[in-house]
Amino acid sequence: MPDLAPATPATAAAPTATPTHCPYCALQCGMSLRGGPEAVEVVERPDFPVNRGALCGKGRTAPALLSSRVRLTEPLVRRHATGRLEPATWEEALERIAAGLRRTRTGYGPDAVGVFGGGGLTNEKAYALGKFARVVLGTSQIDYNGRFCMSSAAAAHQRAFGLDRGLPFPLEDIPRSGCVILVGSNLAETMPPALRYLTELRENGGKLIVVDPRRTRTAEQADLHLAPRPGTDLALALGLLHVVVAEGRTDKAFIQDRTSGWEEARAAVMAHWPELVERLTGVGVPQLREAVRLFCDADSGMVLTARGPEQQSKGTDTVSAWINLCLATGRAGRPLSGYGCLTGQGNGQGGREHGQKADQLPGYRKLDDPAARAHVARVWGVEPETLPGPGRSAYELLDALGGDVRSLLLMGSNPVVSAPHAGHVEERLRSLDFLAVADVVLSETAALADVVLPVTQWAEETGTTTNLEGRVLLRRRAVSPPPGVRSDLEVLGGLANLLGHEKGFPSDPEEVFDELRRASAGGPADYSGITYGRIAAENGVFWPCPETTAEPDGPGAEPVALGHEGPRLAEPATTGGVQSPAALPGVAAEPDGPADRAHHPGTPRLFLERFATPDGRARFIAVAHRAAAEETDEAYPVLLTTGRVVSQYQSGAQTRRVDELNAAAPGPFVELHPMLAERLGAVEGEPLAVVSRRGRAVGPARITAGIRPDTVFMPFHWPGEGRVNSVTNPALDPTSRMPEFKLCAVRVERVEQQP
C-alpha cells in the first residue's frame, strides 16, 4: 500500500495527546497530537474506523505547517508608498477591510462585493461565511472552490435520488461488496489509507474495475482496467448499460418497484451500441462485455466516481449515466450496493451543505425556496425578503472580478493556482479595487491582496468537518496558535462589528455549531440532533440526524420530523429511506422507540427502503454522449488531463512548504507515452511545453507506457511556468457549473535549453 506509514503507536501516547483529524483530504483520518506548536508529534488513532491508524505522508507531516517559520503570524497590508505588503496591527487590517468593502457597497451596490470560500473550511466557518455574506454584506455573490470538485456528482445525486451525500454508505461496506467500478479516481495517490478497502474487497473475493486513461497505482490493483479516451466516460457508461440491456441483465422488479423514467433512459442508451462506443472511447467490445459480466455476476455492486468523469463540461450527465447503470441492475438502495462520489477536499461534503454556495442556505436548503428562506431568516433574526437570491458560480464569480464585482473577501482558497484558465483569473484578481485574503500561509493569491489576515489552522482550533461518508467529525484544538493569529470566526465577528452588526457572529465554534444545528433543522442535511459531545463519544455521527420535531417551515405548516423537509427520507433509523445500523452484519443496533426519540442514531446508510424524492423512487435521467467543449484538431492534436500526486495536495499552498513532501514531489512533470515521445523527439527528464489556446505550462518529460498515446498528464499543484491550470479550459457544465479541468486540446513542444 503506497505512502502509508505508522504514526507513533497509540500505546506510547501520553494522556495529554489530543484526538483530532488530518487537515487534508475528505477521509479526515483520525490522529492524535501531543507537544507544542514547534514540536508536535502525531500519534496514531487505531480506534477511528476510517483509517484505523494508518496515515499517508501528508497526514504524518501535517504538524510541519504549525511552525511559525512557514506560516503567517501577523496581518499584512499593502502600503501605497511602496506597493508592498508590510506588517500591520489587527485593528488597522480589519479597518482597512471594512472600509474597502463599505466603499464598494456604497458606490456600486451590495452585489459589487464578492465572497469566495473554501472546501477546507470547517462547517462552522462555512456557515458563518455564508451568513456574513448575506446578512452583513447583503450580497448574492458568494461561492467556493468546492464548485471545482464535487458539484457535478452533487447535481446528479440530486436529480436521481433527491439528496446529495457523497457516499450513501460507510466505507466499511466497500470490501463486502461483490464488485466495485471505480471511475476516474487514483485512490492510491489521492487518499492512500482508503486503498486498503479495495485490497480487502479483492481479498474477500470481490472484483475491482478501474476506469482511467492512465495505468495508475490504483489501476494496477484492478481485475479489469478500462482506459477510455479523456472525455468519453459518458459514452462508456452508456455502452455498458447497452450491453446490460442487450444481454437481458436488467433487474426488472427493481426498475418497476423503485424507479421512474426507465423507458426514456433505455431509449437513449440503445443509441450507444458497443461498436460505436469502442470507436468513441477506444475501449474494445470484449472489455465492455467483460466489465458487464463482472458487475452483473456479483450479488452486489457499487460505482464510485471522482474528478475524472465529474470535471467535464458534461460531468453531471456523465455521473447520471453511471447512476443509471446502478439503477438498471438493481445496485442502488440495497445493502452493499449503490452509487457514491469520492469527495476530495477535507470538508468538501460539509462545505457544500451550510451556505457558502451561490444557491444555497444551511441544511442544504435551496436559496430560492420561500419556506427555506423563512426558516433560516428566523434563525438569523432577519426578514426573509432581506436575503439576496442566488448568485454566480465559482468560475463565473472569478471571471466577473474587476467588472461587476469590484471587491472580494477570500478565505481558504488559492485560485491563482487552482482555477481553470488561471492566467485570466490572476488578471481578474489584479483588476479588483480591493482584495482581502484570510489564510494560513502567504499563497500566490494572498500575495496579490491589499490586506492579508493570518488565521488559525486545523490543530489550533476546534470545529467540525463532514467526511466523504457524511460522518460529522470533531477536530479539537491541540496547540495554541502564535500570538498574532486569530480564527476565521474572530475575523468575521470583528468585520461584522465594524460593519454595524454587533451581534450574531460569535467566535466560539460550539456556539456557532449550535446555531448551525437550528438552521439545518428540517432540511435535507439535518444536523440538529448532532452535538460536540455525541461526535466525541461516537467517533462521528452520520447525517441526517434530527431531533424529535422541527419548527415548521412557513405559516400554518405542521411540525415535521427533522430530516424530512420536501422530498422525504421516510422514517428515521429503522424504517424508510435510512437503514437501521443493525441491518448489516457486524453493525450493532441502537434503540429506536418512544423513550429514545430525542437521540436519533444517525444514518450511516441511505435509501434502503425509499429514495429522497417526492414519490420515494429513484429517477433515471435520459442522457446521450456529446463531444467535449474542446476536441483535438491539427493545431492542437493531443489531449491533456490533469490530477494529483501523492505527496502534494490541491494548489500546494500548504504541502509545498513541507520539506519531506517537496523532496518526494519537487515539481510538475509531463507524462506521455513512448510513441508520442518518439514523434516529438522527447527525452526523459528534458523540459516539454504543453500549450493550449489559453496558455502554456512547462515540465520535465516523464515517459511511460501507462498512459494513452493520444494523451498527456500534468499534476496541478504548482505555480509559475509549471502551472498547468494556465492551460485548462473553463467551459462549464450547464447544470453544475463545473469547469472542464479534465481535458482540453493541446500541442506538446520540446523546450530549447539554454547552454
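**Notebook: surface, fold and selected sites**

I began with the surface: the protein exposes about 24,900 Å², and carbon and sulfur atoms supply 50% of it. These accessible areas come from the Shrake-Rupley method with a 1.4 Å probe, and for residues only the protein chains shown count as cover.

I noted that this is a predicted model, in which local features need pLDDT of at least 70 and side-chain atom pairs count only at pLDDT 80 or more, while totals for chains, interfaces and linings use all residues. Residues are numbered from 1 along each chain as its sequence is written, and side-chain values use heavy atoms, with hydrogens and water left out.

**Entry 1. The whole protein**

I looked up the secondary structure and found 23 helices and 34 strands. Helices (H or I, at least four residues) and strands (E, at least two) are DSSP runs, numbered from the N terminus. The radius of gyration is 25 Å, close to the 27 Å that the globule rule gives for 755 residues, so the protein is as compact as a globular protein of that length. That radius is taken over C-alpha atoms, and the rule is 2.2 Å times the number of residues to the power 0.38. Along the principal axes, the C-alpha atoms fill a box of roughly 80 × 70 × 55 Å.

Of the 755 residues, 65% count as buried. Buried means under 20% relative accessible area, exposed over 50%, and partly exposed in between (1.4 Å probe, protein chains only). I then turned to contacts, meaning heavy atoms within 4.5 Å. Among those between residues at least 6 apart in sequence, 74% join residues at least 24 apart.

I found 79 positive and 90 negative side chains, with the centres of the two sets 1 Å apart. Lys and Arg count as positive and Asp and Glu as negative; His and the chain ends are not counted. The place of a charge is taken as NZ of Lys, CZ of Arg, CG of Asp or CD of Glu.

**Entry 2. Helix α20**

Helix α20 covers residues 509-520; its 12 residues should span 16 Å at 1.5 Å a residue, and its end C-alpha atoms are 16 Å apart, which agrees. The expected span is 1.5 Å times one less than the number of residues. Among the buried residues of α20 I list V512, F513, L516 and A519. Their cover includes α3 (123-137), α15 (370-380) and α19 (488-498). Just after α20, G522 takes a positive phi of about 85°.

**Entry 3. Helix α4**

Helix α4 (residues 151-161) is mostly covered, with 9 of its 11 residues buried. H157, A160 and F161 are among the buried ones. The elements that cover them include α13 (315-328) and β15 (338-341). G162 follows α4 and has a positive phi, near 80°.

I found A253 in helix α8 (residues 252-258). At 45% relative accessibility, A253 counts as partly exposed. The C-alpha atoms of A253 and G330 are separated by 8.4 Å, although the two are 77 residues apart along the chain.

T139 sits in the loop between α3 and β9 (142-144), and at 0% relative accessibility it counts as buried. Beyond four places in sequence, T139 touches residues including P110, D111, R134 and P388.

L435 belongs to strand β19 (residues 434-439) and counts as buried at 1% relative accessibility. Leaving aside neighbours within four places, its contacts include L408, L429 and V451.
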